[in-house]
Structure formats: C-alpha cells, structure tokens
Amino acid sequence: MKNLNKLAYALCLASALGASAAHAQNATPIRIGLPVPLTGPYGAEAKDQVRNAELAVKEFNDAGGLDGRKAELLVRDDKLNPGEAAQRALDLIEKDKVNYIVGGLSAATQLSTNNITKQRKVIYISISQSDAINEAADMSRYTFHEAFNPHMTTQALGRHLFKKGMRIAFLTADYAYGHEMARGFTAVAEEMGAKIVGEVKHPLGTSDYSIFLPRLQALKPDILIFNNFGRDNQISIKQAGEFGMKKNTQFATPVLLYTARQAAGPKVYENVIGATSYYWAIEDKSPSAKALNDHYKAAYNGAYPSDYGALAYSAVKSLLEAVKKAGTTDTEKVVDTLAALKYDTYKGPQYYRACDHQSVQSVLIIESKEADPKNPDDVFKIVDEVPPTEDILRSCAELGFK
Amino acid sequence: MDGLTLQLLGLQLFTGLALGSIYVLLAVGLSLIFGMLTVVNFAHGAFFMVGAYAGYSLYQYVPNFWLCLVAVPVVTGCIGIVVERFLVRPLYGRGIDYPLLLTFGLAYVMVELIRIQFGKQGLPVDTPESLQGAVDVFVGPFPLYRLFVIGVTALVLAALWLFIEKTSFGLVIRAGARDPVIVRVLGIDISRVWLIVFGIGTGISGLAGYLSAPMQGIAPEMGGNVLIVAFVVTVVGGMGSLTGAVVAGLLIGVVESLTAFMFPEAAKVSMFVIMAFVLLVRPLGLFGRAGLMS
Amino acid sequence: MNTRTLDMPRSRCAPLFRLIRAHRVLASLLFLVVLPWLTPNYSVATHILIFGLYALGFNLIFGYMGMLSFGHAAFLGIGAYAAGILIAQHHVIWWLAIPAAALLSAAAALVIGMLAIRTRGIYFAMVTLALSQCVYFLIYQLPASGGENGLRGVNVSEIHVLGLTFDILHPIVKYYFFFCFVAVALWLISRILASPFGHAIQAIRENETRTRACGFNVENTKLITFVLSGAFCGLAGALYAINLSSVAIETLHYETSGLVVMICLLGGMGTFFGPLIGALLFLLIQDVFTHWTEHWQLYVGCIFMFFVLFFPKGVWGTILEKLHAD
C-alpha cells in the first residue's frame, strides 16, 4: 500500500511537472529576429519589410499560432553595416534566444549574418538579392534565400529584352552586385545573339555620372542597362536622361524598385524597363496577391506593399507555415519541412531548390509609367511574367555543389 | 577613332571643371574657416546638405530658382553664425581637437534632423527650365546647367576676392589669419570677425549644395559624401589658402574625371593618391603657409 | 595674503583614485573582467573590449605622442583581414594567425610611418588618411578579401589549450578568450609607457625641440611608437575578425578611423584609462539608443556635443582634474 502511494505520488508529481513544462512550452513565443537597415539610405524599404513581416506574424497568430503558441517579431537595426548586422545576429541568438532570423538588405549584411547563424545552427532566411549566398562556400543547411539573385533577374529580363544583333551597353556599379548583374546579362546576351558593345564601371555612391556618360553615348547602344541599385540607380538614370540618351536607347535596369520610382518621380523613370519580384497589380491574376494587398491596405491606410516589403512577408509566412506543418519549432525538423515546402504566400507557387535553398519563383518584367491621378500607386505596367523555373538559376555544379 | 577619343577627352575635361567647381566652393569655405578660426569644420558637409534642403523648401514658397539662389547662402550662413556663436565659440583656446569633435557630433544631429523633417528617401530636384539642354562647347554637346555651375563658381570667387582684397573688412580677415593676437591688441573685435567668416564659409557651402541639387537630387547622406573630398582639396591646396583651394579643387575635379575615363575603379582613390603625393613632396600643401597650424 | 593651497578641500575619493592609478593595469583588468555582467548584452561588452584595445593602441600615438592620425583604421583592418584570410582560407590555427596579424599590421605601420612622419599636425592627419584610403582601395581590389561582400568564414568555434577544449561560440567563453589577449596587451602598453622610452614619447609631445636637444632621436622614437601602435591595433583587428566570424570592408573606411579618435577624445587622451572609458561610453550609448529609437544618431550626436562642451579633457581627464590629482 505504501509503495502504491509512493508510486501514485511520484506519478502525480511527474504529470504535474510535465504539464507545467508543456504549459511553459505553450507560453514561450516563437521568436523571429528581423535585422534590417532602419537607418541609412534604404530606411524606407526596411520599414516596409518590418510592416509586412508584422502582418505575416499577425496572420499566423490570429489563425491560432502553433497549438496556441504565438509568434513574435524582434526588429533590429543593422544600419546597413555588416559588422553591425553580425552583432545584431549575435544578440538575437544569445540574448533574445530567437528561434529563427529573417532579414538583411545588402549582400554584405546577408552574408555576415548568415556566417553567424550557420555556425550556431539557426535558420536564416535572406530577403534581399545576392548571388554569393547561394554558393557552396556561404550556403548551409540552415540558409534559405527567399529573394531573387542577380542571375535570375538578368536571365528573365535579358530573355525578354534581347534580340539577335542588338547592341548592349552596361553602366555597372563597381561592386559585387553590379558585377553579378553584368555577368548574368552577358551570359543571356550570348544566348540570344546580342552583342555587348561596352561596359563602363562607376564607383559605388557616385553622384556625378557626367564623367561616364559621354563614353556610353559614343558606343551607340540599342539598350543601356544600369547595373546599380538605390540612389546610384536613380541618379544615373536621371542624368543619362538629361544627357539626351533616351532618344536613341532603351533604358533598362535589373531591379526596378517601387520606392525608387516613387521617390524619383515619373519623368526620371519614363520608359525604363526592369524586373521585380512583386508589384501589387498582379492581384488580378493571383489570389494570394489579392489577399496580401487587402490585408496590407486594411492594416496600413490603403497603401500597397512594396517589392522588398513583400519579400519579408513571404519569408516569415512560409517559415511559419513550415513550423506549423512540422508541428514543432525544433530547427532540424523545420529545416527539413521548409526545404520540402511548396508554398504560395503572395504571388504564386514557390519552392526551395534542394542544393542551394534558392526560392524558385516568378519574375515580373515591368515598365515605368505616369501614374493615373485617380490611383497614384499605379506606377508600373506589367509587361511580362516569367513563371517559376529552375532554368534561370545557375546550375548546382556552377555554384560549387557536388 | 583618335578624333573621337580626343573629343571625349575634351568633354571629360569640361566635366572635370564642372565637378571641380563644386569642390572649389566647398574647399574655399573650409579653408576660410580653417585659416581664420583654425577650426576643422566636420559639419561642412552637413551645411552643404542643409543648403540643398533649404533651397528645396524655399522653392515651395517662392518657385523662382534665381531668388532661391540668392537666398540659400544667406539662410545657411545664418545657421552657421548661430552654430559658431553658441557651439563653437565656447571651445576656443582649447586646441584644435575640440571644435573638430563638436562639429563631428553636430553633423550627426543636423543630418538626423533633416531626416526627421524631410524623410530618409531623398527628394528629386529638377533643373530649372531656362538652364536645361546642352550647349556646343567646341568639343561636343555639354549640359548648359553645368556650364552655369562653372560660371557661378567663378562669380563667387571673384566676389570673394574683391571682398577680401579690396574691403576693409577683408583687410581685417587677412590680418586675423596672419596674427589674431595683434588684431585683438589693435582693438578689433575678432570674435565678430570670426562669426562673419564662419557664416560666409558655411553660406558658400550651402550654395554649393543648392547648385548640385539639380544634378544629383538631394538626400540626407549627400553631405557625408562630399565632406571627405572637401578636406582633401583643402589640404592639397594648403589649409588657409584660397588660391590653393581653387587650384586644388579644379585639379582634383579634372583628375577624377580623367581617371574615371581611363581607370574607372581608381577614380575615387585618385584624389587620395594625389594628396599623399603632394603632402610628401610639399608637406604644407601646394600653397600652404607654415605656422598656420602645426 | 591668502594662500589657498592648505585650505583646498581634498576629496575623500582621492586616495582611492591614487590607488587605482598606481595599479592601473590591475584596475583595468578588473573592470574588463566584470564588464560582461554590467552591459545589457554580451556583444557590446566584446565590442568594448576589442575597440578599447584599438583605442589604447591609438592613444599611444594620439594621447601620449600628441600626433593625430586619421588613418588607424588601416591597422585595424590589416590585422582583421590578415587573421581572417589566414584562418578562413589557409586554415592556420588561431595561436599562429593572431600574432601573425599583429606583426603584419606592425609592418604596414612601419611603411606608412616612414612616409607620414615627416609631416606634422593636421597634415600628418591627412597623410595618414590618404594612405589608409589607399590601403582600403588595395584590399578592396584583392580577390581574397571578398571586396564589398566582405571576408566570410573566419570560423573559430573551438580552441584546445593545455588539453582542455573551450567552446568559442559561447559568448562568455569568447569574451574571456579575447580578454586574455587584451590583458597581455594592456600590460605591455603599461610597461612601455612607464619605461624611459615612454617618457621620451611624452617629452616629444610636450616639447619636441627640447627633446631633440636632449639628445633623443625624435624621428626614430616617433616611428617606433607608430609601429607599436600599429601592432596593438592589428591585434584588436584580429580579435574583431574572430568575434564576428567575418570582416566587413567598412573596417578600413575612414569612419572607423574617425571613431577611434572620438573614443579617445571622449574618454580622455593621454590618460591610461581614457580610451577604455571612451569605448565604454560611446559604444554603450550607441547600443542603448539604437535599441530604443531609429533616430539614435540625433541623440548620440547631442550627447557627444554635450561631452565635448562640458568635459574638455574627456570624461576621465575631467574626473582627474576635479580631484586635483597630479
């Protein structure tokens, strides 16, 4: 009798502890770190990424979370500085004990964050362009790349634009992103039978392109591609236009940013063609896009999500989908689930390619236009939509995977 | 082929002059402030930015490019005067480091205030109608606006030269640069002179910002990018020397332009190579005077 | 006539401060030992540790020798990239890579020093700036550095010492691992400053002509100090690379040079504790404000200006002054 009592007592204690542990499990939120450059030239894009990520978290929580466990977003400022980004990643992992990290806007910050997370076996989903993050040296089991890489962008845009015999010139920002874009376009041009007649490189952060433009003008290209980003892109396109180059040359740029177009105005970007991961007008064809737009408009005063913002939405949403599907926050299981996940978060079907965890997704080709005064957000015309295909990715072997 | 290259070279030269003009305006202001007050003004780039934004704001109320052109240096200069009076003056006599430090912190504050007021994104600025288009300058078509910038710079320099060489106030400035103690002994209120000089220096910087706005748009970071160039030009020319600022500014503008033509990767570093070379050969800069600041 | 010396009130803290100054290495080490427990997170403590060393190395030239260099980021950067490339690409073990990085940095300091020492004052500052920008450019172009993408893969996750294994990925273990290096460096700097050579350095700052007249070879002293400074900054760089497992190209940018100037001035140049206190204050304030608001630059700038206006000798320097210490 005494032994039975003891046993019963032990069982009660065990179940009480177990229940409290389960209860503690229920109470611990699922923490997602979001280091983005809130200060600096891309503050606007970063803020939109925060808004979109918060929307995705809210949707997950409103739908019940993971057996009652809610998700929580920890936003940090990485100041567009890779050293700072690495420190924020360290803090998020060591102090805030996040389960996963999503973020990064420049290639350098993605790569430095990734270096930290992969060492410590934390899932990292990068939401910005970079070719290097797919390569064998940087990639890891825990690394996922939701955004495009320059290769995808250039293949999609190049196949749309280039025709046999065309003369193509580049104005390339002299850093990794610029070189990657130029390399990608050169490959497509060869494929399509177009000729690269010249490339002019400019230092990052140039504000006066008058020293480069005469050379480009002399090349007499049919298409002038601006392989740069952000302010460099805005200023170079503006000045090239002022030099009168738009008359004889089609301007193109691999990434046509929604925020840049709105900042620089219609005149600067008139007739410029580019690629993007998302433009809200696809809601006519994509139900998930409509869902995102409606939720976003309801939450943020009728505004539309931007391209980079929507990437954050997709990354967080697909991550939480994987967590829910795996039924646990355990990293190894979530990695396996996420790697195998087929998802449609905001623009159509997407999945991660096995060797490099690159998200295979559609690419939109858009052209800038004057906005309808009734709808000031309608700044782009969708010219083409390249469906998701692994064709436009670099081969696994090329990236260094066996 | 050769003719084409020569033509291009000529165009690059002109472009270098236009680029150099902005550098000259910045360096002249910096050199004046340093020569007179021995203050290394780390907020000079911030004043450049403020001038651009001041022009943008004024334009909303008075949509006349020419009126704003005159108003911007005055507005920026006044802000400079306030800064000198309340922030920089308490630090005199403590050595060169303190105003340097203070202006460093001030730059942070000014940039952030502009960000809060005008947003982080930067704003587009259009070239005024009357100055659009290109002009045939012998070697090819060259943007009219850039010629205008060269012209304005020349005018400002001429006005400054007249002011310093031909007016009595200018005499005080020259004397004060040579020996501030004696000037005080002679009964002149040197602190008022410093106030005005700081105002002129920052005013010219603001004007440079306003002039460069139609070429590159305006953004809160625009000051940081030009600050280092301004310093390099001032040092190469010789701190405290206005002739030096002009010569060095144009030299560096042209060299940067030609380097971009031939070795684009090295364009940004070309000015540092020049600076290192000049300082190793003439440690005080091209036109610098010894004893001004050691 | 009132001679006020005898009436001057002596602070009750003065004996404590004298004790601290007499055992400055011990005091610094004690402060650094407890630092991780005082800061809101471990990464800022490690950052303070590493940048404190960077500032101490810089202070040799700036505070003690009186020469303002605007190019010290070159040494931090060369140390970081050297250690990084050795560890990431050549798989050199840490206890070889770190000293190698410091030596390489010292060698660079020798070259830059030989070119720059002949200039003075603001011109010295500008020459060092120019030369460090050249270093930035050279390393940027070097394929091994990764250019704009930075150097990744500086992965030191475990160290084996005396048969024991330490997990460097653990923030506390990592901190004390770096602490060992900083402690040795601190002790060395203290010894250098206390030696006759150290006194010669300060003599040059006070009156160069007179020092020369006393028979000291001023140029050589300047050069040696510059090299030593480069070595310590290079060591800090190597630790920086291991800390973040990567090196960003921004490490070589002149902003990093400016940062160490600000730190030394804020803390109090020419004092032993000044650089550490400056690093603590600046980095901590920046960290706290970054977490709090996106407009942190506004507040940090204002606080900075406040310190400059009211603490002319830096925080530590002003404290010393107020206590009428000698």
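This is a predicted model: local features need pLDDT of at least 70, side-chain atom pairs count only at pLDDT 80 or more; totals for chains, interfaces and linings use all residues.
**Chain B against chain A**

The two chains touch through 30 residues of chain B and 27 residues of chain A. Together they bury about 2500 Å², of which 53% lies on carbon and sulfur atoms. On the chain B side, K120(B), Q121(B) and Q216(B) lose the most area to chain A, together 25% of what that side buries. Between these chains there are zero salt bridges, and five residue pairs are in polar contact, with both residues at pLDDT 80 or more.

Helix 1 (2-37), helix 8 (190-216), helix 10 (242-262) and helix 11 (267-281) of chain B each supply at least two residues of the side that touches chain A. Helix 1 of chain B gives the largest share, six residues. By class, this side of chain B has 15 nonpolar, eight polar and seven charged residues.

**Aromatic pairs**

Over all chains the count is 54 aromatic pairs. Two of them are set out below.

| Pair | Centre to centre | Angle between planes | Arrangement |
|---|---|---|---|
| F144(A) and Y352(A) | 5.0 Å | 70° | edge-to-face |
| F104(B) and F304(C) | 5.9 Å | 65° | edge-to-face |

The pair in chain A links strand 5 (residues 143-145), which holds F144(A), to strand 12 (residues 350-352), which holds Y352(A); the two residues are 208 residues apart. F144(A) is buried at 0% relative accessible area, and Y352(A) is buried at 3%.

The other pair crosses between chains, from F104(B) in helix 4 (residues 97-118) of chain B to F304(C) in helix 13 (residues 296-310) of chain C. F104(B) counts as buried because its relative accessibility, 16%, is under 20%. F304(C) is buried at 4% relative accessible area. Ring pairs also link F104(B) and F304(C) into a cluster with F42(B), Y108(B), F231(B), F70(C) and F282(C).

Note on methods: Residues are numbered from 1 along each chain as its sequence is written. Chains are lettered from A and ligands numbered from 1 in the order in which they are written. Side-chain values use heavy atoms; hydrogens and water are left out. Contact means heavy atoms within 4.5 Å. Buried area is the accessible area (1.4 Å probe) that two parts lose on being put together, summed over both. A salt bridge is a side-chain nitrogen of Lys or Arg within 4 Å of a carboxyl oxygen of Asp or Glu. A polar contact is a pair of N or O atoms within 3.5 Å; within protein, one must be able to donate a hydrogen and the other to accept it, and residues adjacent in sequence count only if both atoms are side-chain atoms. Helices (H or I, at least four residues) and strands (E, at least two) are DSSP runs, numbered from the N terminus. Ala, Val, Leu, Ile, Met, Phe, Trp, Tyr, Cys and Pro count as nonpolar, Asp, Glu, Lys and Arg as charged, and the others, Gly among them, as polar. Rings of Phe, Tyr and Trp (its six-membered ring) pair if their centres lie within 6.5 Å; planes under 30 degrees apart count as stacked, over 60 as edge-to-face and the rest as tilted. Buried means under 20% relative accessible area, exposed over 50%, partly exposed in between (1.4 Å probe, protein chains only).
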